[in-house]
Amino acid sequence: MSAAHNKAIKEAEPQTRGDKRRAAFIAAARQVFLEQGYEAASMSEIVLRAGGSLSTLYSQFGDKQGLFISMLDARVRQITESMGVELSAHTPVQEGLRRIGEQFTSKLLEPESLEMYRLIVGLARKFPEIPREFQRRGPDKIRQALVDYLIDREEAGEIRLEDPYRTATLFLEMTRSGLVSRALLDEDVRPNAEEIRTSVNIVVDMFLHGIIRYQPDPGSTKR
């Protein structure tokens, strides 16, 4: 992977004082939400860890839910940026999907991501608007980023798409289902980079080429 590619993927450092304060709030919020849960999380504790003031926190995020959603946005951005890199570079589809798959799965398997997902699922009954907003800002944005890349590859003549949205959904579900589902249910499951790469390579090969060996139609053979 080139230095330019790595640089493009790397998250930009906040530049302004306001950006730095916002990033500090989000980092502290992530710690507090994961340690204490959504309901018990204290905005005062977040300010204590991040610095600044409650008035600044509320002016930037509105309320606890706004802060929670902004925290999710920051996490999702790391995934969609990696897909944007492949789109901007017009990376050939097999190589691009492998890199996207590895980045996507690796991010989802980080302990923080797993804990965040468990937290969101736990909020579904009492605070249904939060998982709905997460769906819109998280999985839907990630899916759309992949759709954009797949359409670019179709325009390059590499693939044929009948339904880009469903195709992107299928790829993401295939990529995450095995390793991530197991890790969510068992904290002792922590796939390493090689296991992730192997799993993603199988998915990409199956996604692009299928598993049924082509056989000529006997009825089409002239006797």
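Is H90 buried, partly exposed or exposed? H90 is partly exposed, with a relative accessible area of 45%; here buried means under 20% relative accessible area, exposed means over 50%, and partly exposed lies in between, for a 1.4 Å probe and protein chains only. The model is predicted, so local features need pLDDT of at least 70 and side-chain atom pairs count only at pLDDT 80 or more, whereas totals for chains, interfaces and linings use all residues. Residues are numbered from 1 along each chain as its sequence is written, and side-chain values use heavy atoms, with hydrogens and water left out.

H90 sits in the loop between α5 (64–89) and α6 (93–109). Helices are DSSP runs of H or I with at least four residues, and they are numbered from the N terminus. Although H90 is not a glycine, it has a positive phi of about 50°.

Leaving aside neighbours within four places in sequence, R153 is in contact with H90, T91, P92, V93, E158 and I159, where contact means heavy atoms within 4.5 Å. R153 counts as buried, at 6% relative accessibility. The side chain of R153 reaches the backbone oxygen of T91 at 3.4 Å, and a polar contact of 2.9 Å joins the side chains of R153 and D152. A polar contact is a pair of N or O atoms within 3.5 Å; within protein, one must be able to donate a hydrogen and the other to accept it, and residues adjacent in sequence count only if both atoms are side-chain atoms.

Charged pairs come next. Side chains of opposite charge can pair when their charged atoms come close. A salt bridge is a side-chain nitrogen of Lys or Arg within 4 Å of a carboxyl oxygen of Asp or Glu, and the structure holds 21 salt bridges. One of them joins the side chains of R153 and E158, at 2.7 Å from N to O. While R153 is buried, E158 is partly exposed, at 35% relative accessibility.

Helix α9 (residues 139–155) also holds R143 and D140, which are 3 residues apart and therefore separated by about one helical turn. R143 and D140 form a salt bridge whose closest N and O atoms are 2.9 Å apart. R143 is buried, with a relative accessible area of 10%, and D140 is partly exposed, with 28%.

In helix α7, R118 and E115 also lie 3 residues apart, about one turn of the helix. Their salt bridge has its closest N and O atoms 2.6 Å apart. Both partners are partly exposed: R118 has a relative accessible area of 24%, and E115 stands at 31%.

S113 lies in helix α7 and counts as buried, at 12% relative accessibility. The side chain of S113 reaches the backbone oxygen of K107 at 2.6 Å. The C-alpha atoms of S113 and L72 are separated by 9.7 Å, although the two residues are 41 residues apart along the chain.

The last topic is helix packing. Two packed helices are described by the angle between their axes and the distance between the axes. Axes are lines fitted to C-alpha atoms, for helices over the stretch in contact, and angles run from 0 to 180 degrees between N-to-C directions. Helix α7 (residues 111–123) and helix α10 (residues 164–185) have axes that come within 10 Å and cross at roughly 70°. These two helices are therefore roughly perpendicular to each other; angles of 65 to 115 degrees count as roughly perpendicular, under 35 as roughly parallel, over 145 as roughly antiparallel and the rest as oblique. L114, Y117 and R118 of α7 make the contact with V180, A183 and L184 of α10. By class, these residues divide into 5 nonpolar, no polar and 1 charged. Ala, Val, Leu, Ile, Met, Phe, Trp, Tyr, Cys and Pro count as nonpolar, Asp, Glu, Lys and Arg as charged, and the others, Gly among them, as polar.

Helix α2 (residues 17–36) and helix α4 (residues 54–61) pack at an angle of about 95°, with their axes 11 Å apart. Helices α2 and α4 are therefore roughly perpendicular to each other.
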